[in-house]
There are 2 protein chains.
Amino acid sequence: MTFTAQFDDVLTWSGVSAATPTEEMNGAGNLMDFLDEPFPDVGTYEDFHTIDWLREKSRDTDRHRKITSKSKESIWELIKSLLDAWSGWVVMLLIGLLSGTLAGVIDLAVDWMTDLKEGVCLSAFWYSHEQCCWTSNETTFDDRDKCPQWQKWAELMTGHAEGAGAYVLNYFLYILWALLFSFLAVSLVRVFAPYACGSGIPEIKTILSGFIIRGYLGKWTLLIKTVTLVLAVSSGLSLGKEGPLVHVACCCGNLFCSLFSKYSKNEGKRREVLSAAAAAGVSVAFGAPIGGVLFSLEEVSYYFPLKTLWRSFFAALVAAFTLRSINPFGNSRLVLFYVEYHTPWYMAELVPFILLGVFGGLWGTLFIRANIAWCRRRKTTQLGKYPVLEVIAVTGITAVLAYPNPYTRRSTSELISELFNDCGALESSQLCDYINNSNMSRPVDDIPDRPLALALIFKIVITIFTFGMKIPSGLFIPSMAVGAIAGRIVGIAVEQMAYHHHDWIIFKNWCRPGADCVTPGLYAMVGAAACLGGVTRMTVSLVVIMFELTGGLEYIVPLMAAAVTSKWVADAFGKEGIYESHIQLNGYPYLDVRDEFTHRTLATDVMRPRRNDPPLAVLTQDSTTVEDVETLIKDTDYNGFPVVVSRESERLIGFVQRRDLTLAIKNARQKQDGVVSSSVVYFTEDAPQLLASNPQPLKLRRILNLSPFTVTDHTPMETVVDIFRKLGLRQCLVTRSGRLLGIITKKDVLRHMAQMMNQDPESIMFN
Amino acid sequence: MTFTAQFDDVLTWSGVSAATPTEEMNGAGNLMDFLDEPFPDVGTYEDFHTIDWLREKSRDTDRHRKITSKSKESIWELIKSLLDAWSGWVVMLLIGLLSGTLAGVIDLAVDWMTDLKEGVCLSAFWYSHEQCCWTSNETTFDDRDKCPQWQKWAELMTGHAEGAGAYVLNYFLYILWALLFSFLAVSLVRVFAPYACGSGIPEIKTILSGFIIRGYLGKWTLLIKTVTLVLAVSSGLSLGKEGPLVHVACCCGNLFCSLFSKYSKNEGKRREVLSAAAAAGVSVAFGAPIGGVLFSLEEVSYYFPLKTLWRSFFAALVAAFTLRSINPFGNSRLVLFYVEYHTPWYMAELVPFILLGVFGGLWGTLFIRANIAWCRRRKTTQLGKYPVLEVIAVTGITAVLAYPNPYTRRSTSELISELFNDCGALESSQLCDYINNSNMSRPVDDIPDRPLALALIFKIVITIFTFGMKIPSGLFIPSMAVGAIAGRIVGIAVEQMAYHHHDWIIFKNWCRPGADCVTPGLYAMVGAAACLGGVTRMTVSLVVIMFELTGGLEYIVPLMAAAVTSKWVADAFGKEGIYESHIQLNGYPYLDVRDEFTHRTLATDVMRPRRNDPPLAVLTQDSTTVEDVETLIKDTDYNGFPVVVSRESERLIGFVQRRDLTLAIKNARQKQDGVVSSSVVYFTEDAPQLLASNPQPLKLRRILNLSPFTVTDHTPMETVVDIFRKLGLRQCLVTRSGRLLGIITKKDVLRHMAQMMNQDPESIMFN
């Protein structure tokens, strides 16, 4: 069984290329070529290399064809083929269940550990503040702070709940816990899974575009990322769990891929699953399944067939409902920030909304530039050598500065939730004190403008230094927090203006005296959308996520106005979002579908060899010896070699991968009698006519790709870029009137694009 | 100015191919080749032909490059370039505004004319029933039928509102109006715009995939389709306005494309606008902007870059809000069927939901098969020759059968809306009589099961014969109606079961005696989704549209369960939805992105010439005379010819389009001195060495595509299909070791695919 499976794998590529349809029926016919034992790794890729999408697709079709034809043989094979057809849905179900569960567990753990920094529940130490007070007695939400079972550390240790001493002790313990959590997080990441750091989205984008980073989505990464994510978020650092949750979901996807050879053995199919997993990740991060699917489509995925769209949607829904049944927020709501507004918005409010959009765009630009500059500094200077120290220092600073301000002390998502909320009669938020305290003659001095402004500045600065440290860190939440604070400030300002100057012409039409005609929470939401849009350059998915949070089309115009403005403003300063910038910083070979290549260069300008280079390293179809091949492999580091009829005619017949060639020769030398250094390697159907004295020749037609992709030297580069993008090529051969002139690899394309955009072409490091 | 613009157009293709980057700077250098006056139609396509996406893209990049480089020259050029960059958004805005307005006008007109069949408003004859009663006095909805200003025809004419005589007179006039409307509709379509018939979606799908049907999206079609759509819907036929609204929106898109040469002169860019317009169409049809965008993405569009996603969203939103500000439904709701349910659903209810899914799948299969069979009959028999008679007959039958049943008498969308609704205390619907009449001891005899069942059968049968007639007809609404009726019947059955047997084990957990624990309206909605899914095979967009109608994630699981089941059941009987089936019926060259080609054939099996055919018609680069070319053009009907070095070597150098060749020679004969029949045509850079006695040669390099797409004869057909799909090719040349062997056109690919699926390859009619 195993033998056949492996054997099939070897067959695939050459099988498709060489076999004519009549041969298809006659499996035994092919066997003749493969008397030597198959070598297992043919058709796989090396680490940090680009995959060949066409080849993967071809292999999958072959596999599918084989299963379909076998299914007619017996009931058992039929069942197997049905199982195979359903495996995609099974994987989606499993991904949904596991990522929903993990998200729920993470939410609960974060909740508990965040509260642990302040105090402990006497009745059961594993209860968070909220759970503790729910359990102890059926108090209303207002009495939450008076719940006796929950004790702050100072109260527990000294018996005094109030006073300067208790404050200092609480402050001190808050910092201590934060340091402990972040130290644990960074140490675990360093020791067990270095890939668990960061948000993971840049790498996932790169992987989905067809790049191999082994271990990036492995089991260890999954485990460590989940644990350290809890620690990192609980430590109070200015980071979110949304990006890492996408990474966690993708790890789940990768894990379940290994259950089915359909996905584990095909890098192309695997990426379909990962795209869906990314959707599930966002779905649980925000409780927004449709937004998650669109996020995967718009932001993360590269190859997204319609089948994947539907499956992603399924995975996203399963994940969302799994999370809901765990019910970590205790309110059986699906969404992270559920809001319901009671007042409509008015046309005149579009002005502050658009201003918030401008702010979001500026913040996006500032953040990307500053963060990339800091990350580059980290990469190039001594700073990068002390990641633990860096994390400790940033955590310390964050904790010291965050504690005194009530808005930054709590977790960021709680803050956002409060900022989004409308000030209703039941709302106990400090944000609403200025309204609730005295409904008749609102005193202006309670307005929380100063602490909010301080929180804004603090968040802006600290986030720049936090994102990119060696711990799991997402930036959705911090970006949204910045926007929500700014939005709320603007909202309160407009509200006060409308309250005190309701006779102004702009308010006159829609604002009766004394009425609540402005919803500051809506401003916070619009601001959050604008800032998130400025940083990530998401568009449709952003609006849809926000739409799912509010659940009404009413507020889509403000959100959209802000999102569009923010994107335009940010794009004016640079086209790349934070993820693309980090991809560039790391030199990954990512061919962005959104970039437009508009320069007037031709394939001949990009192909190698260049004018003064040595000629292209090629193999001939029937006159190279094993030794020649081995020398070529040793002397060059190309990923593959074109095979031509002869060096004189230079007429192309195929392309052979370096890895396959190495494996085939190694294998032949070990297993096949008579193959020596002077054996002739041939790629033709029939062995070449050789003297009897010559050693036995080695037939390698089965590893030859007989349908390499070619373009003419006159092909405009924009077409070449388009072909690379849409077909997911790894390399492409350049010909003129049928003669081989050169080769263009993905790296060449990317370097050329970088050069045309006046960037350093050497920044593209991998192929 | 005009001269330059035309001139630039001619330059584009050859400019890209031939010019090296250094030449780019030196515009004058190119001029030397084009001393002859340019001929305007080069680079356009003939009617019923496929476009070359790569070429269109290339031309657009050229245009863009030219504008960018010019923009540095003067302020005026800079402004022009900014206008050009913004023109996409302007077009979207205009499309949104116009399609929203048209949708509003259509809604108002349909409302009025549907009511006109029953009676007239005395205070103002242009008021619909509802408007009439609103205006006359401020009655509640309950008193609607008692509004004195609204008079039925019988009352107006005879003074008697009740009685058998009045009923018969009303019945008769109802039929008469219906016949008048449908006669007008079909006559207008026949006389002025034959393309205005049908839903238009199959054709739009084909056009978007890169096919030319001139006039299909023209101004006349727009005008006539709008008018006849109103007439057709008002006539009471079993058809909807949703599909035609997409067509109308696409006509708007095409109209506004003509304002900007960026879109009007480039078939590729034009299709980006049309994709967005389709989204706007669905957006106004249902009031579901996100669903509209996803519909365009999933169902209609072919080439959908991310930029288009964002713009589509914008167009869809503008359209939705324009429609809302017109407010045709008088309730300032955006959505067509707004519903709000008050009871949650329970796990056990998934069983009837899934059964509804099965019903939807079966209905989809039945409808597609029966409708296609009927349409084929119409095409092939005498039936097709009397479209007016057919429409009249179907209208007559519909009106006669529909009037007696209160559920089919009213407009279908009103019916659906009522079926979706929950039976609240304020609800005056007949559907709820059995609940409202006696809340204590619900009598079972009021249950509207018989009229609903009759309505179901009637709708099922009549819709099959209606869709495809020569009037505008959408099938979203009829399909949804079938599903909603079936769903409501099931819902009422479950409700009654739960009411009478609340001690059964399945109801025990969630249904207290006497409580409303089942929402029949939700069943209607689930049924509608299932039936629509079965017919169109929409998935994500369907669920999202339904989600936007309900506005809550609560009901997404029932909807999704039904949609998935329906799709699976329907797919088991045949992969194609109704639109794909109609595309096939019409023989359009549509390469479905969803079909997977899994057969093991190679390019060599598909290419022409076949084994026994005459050799491929080629041109040589410097030895064919004008006369030879003209003979070749006359004797063959190929769309283009490969150019080779010589007939002996068969090495490919390029490809020339038939249309360009014809135009170029015609032009040269007219304008260029010395070009006679024996002139040699040459495609090389330099003129061939000829004797002095030979006539002046004709240089045609500028119309030569120097980068034709090639594959080797060993390329698997699945790869070839993939390339055709993803790159939007028109043809592809087949080579082996640099020698030209044959050619594969899109038609060849489609015919081969049809053959492999045991369909008639001759059904593909166009190239």
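Predicted model: local features only at pLDDT ≥ 70, side-chain atom pairs only at ≥ 80, totals over all residues.
As for bookkeeping, residues are numbered from 1 along each chain as its sequence is written, chains are lettered from A and ligands numbered from 1 in the order in which they are written, and side-chain values use heavy atoms, with hydrogens and water left out.

Staying with chain A, 60% of its 767 residues count as buried (buried means under 20% relative accessible area, exposed over 50% and partly exposed in between, with a 1.4 Å probe and protein chains only). The chain has 32 helices and twelve strands; here helices (H or I, at least four residues) and strands (E, at least two) are DSSP runs, numbered from the N terminus. Looking at contacts (heavy atoms within 4.5 Å) in chain A with a separation of 6 or more, 74% come from residues 24 or more positions apart.

Now to the rings. Rings of Phe, Tyr and Trp (its six-membered ring) pair if their centres lie within 6.5 Å, and planes under 30 degrees apart count as stacked, over 60 as edge-to-face and the rest as tilted. By this rule there are 52 aromatic pairs over all chains. Take Trp568(A) and Trp89(B): their ring centres are 5.2 Å apart and their planes stand at 90 degrees, so the pair is edge-to-face. This pair crosses between chains, running from helix 26 (residues 556-573) of chain A, which holds Trp568(A), to helix 5 (residues 75-116) of chain B, which holds Trp89(B). Trp568(A) is partly exposed, at 34% relative accessibility, whereas Trp89(B) is buried at 10%.

Another pair sits within chain B. Phe286(B) and Phe476(B) have ring centres 5.5 Å apart and planes at 35 degrees, so this one is tilted. Phe286(B) belongs to helix 13 (residues 267-286) and Phe476(B) to helix 22 (residues 476-500), so the pair ties together parts of chain B that are 190 residues apart in sequence. Phe286(B) is buried, at 1% relative accessibility, and Phe476(B) is buried too, at 3%. Elsewhere, ring pairs join Trp86(A), Trp89(A), Phe314(A) and Trp568(B) into a cluster.

Charges over rings turn up as well (NZ of Lys or CZ of Arg within 6 Å of the ring centre and within 35 degrees of the ring normal). Arg409(A) lies over the face of Tyr403(A), 4.1 Å from the ring centre. In chain B, the charged end of Arg409(B) sits over Tyr403(B), 4.1 Å from the centre of that ring.

Arg608(A) and Pro609(A) are joined by a cis peptide bond, with omega near -5 degrees; Pro609(A) is in the loop between helix 28 (603-606) and strand 3 (619-620) of chain A. The bond from Arg608(B) to Pro609(B) is cis, with omega about 0 degrees.

Although not a glycine, Arg537(B) has a positive phi of about 60 degrees. Arg537(B) sits in the loop between helix 24 (520-536) and helix 25 (540-550) of chain B, and is buried with a relative accessible area of 3%. Asn758(B), not a glycine either, has a positive phi of about 60 degrees. Asn758(B) follows helix 32 (746-756) of chain B and counts as exposed, at 74% relative accessibility.
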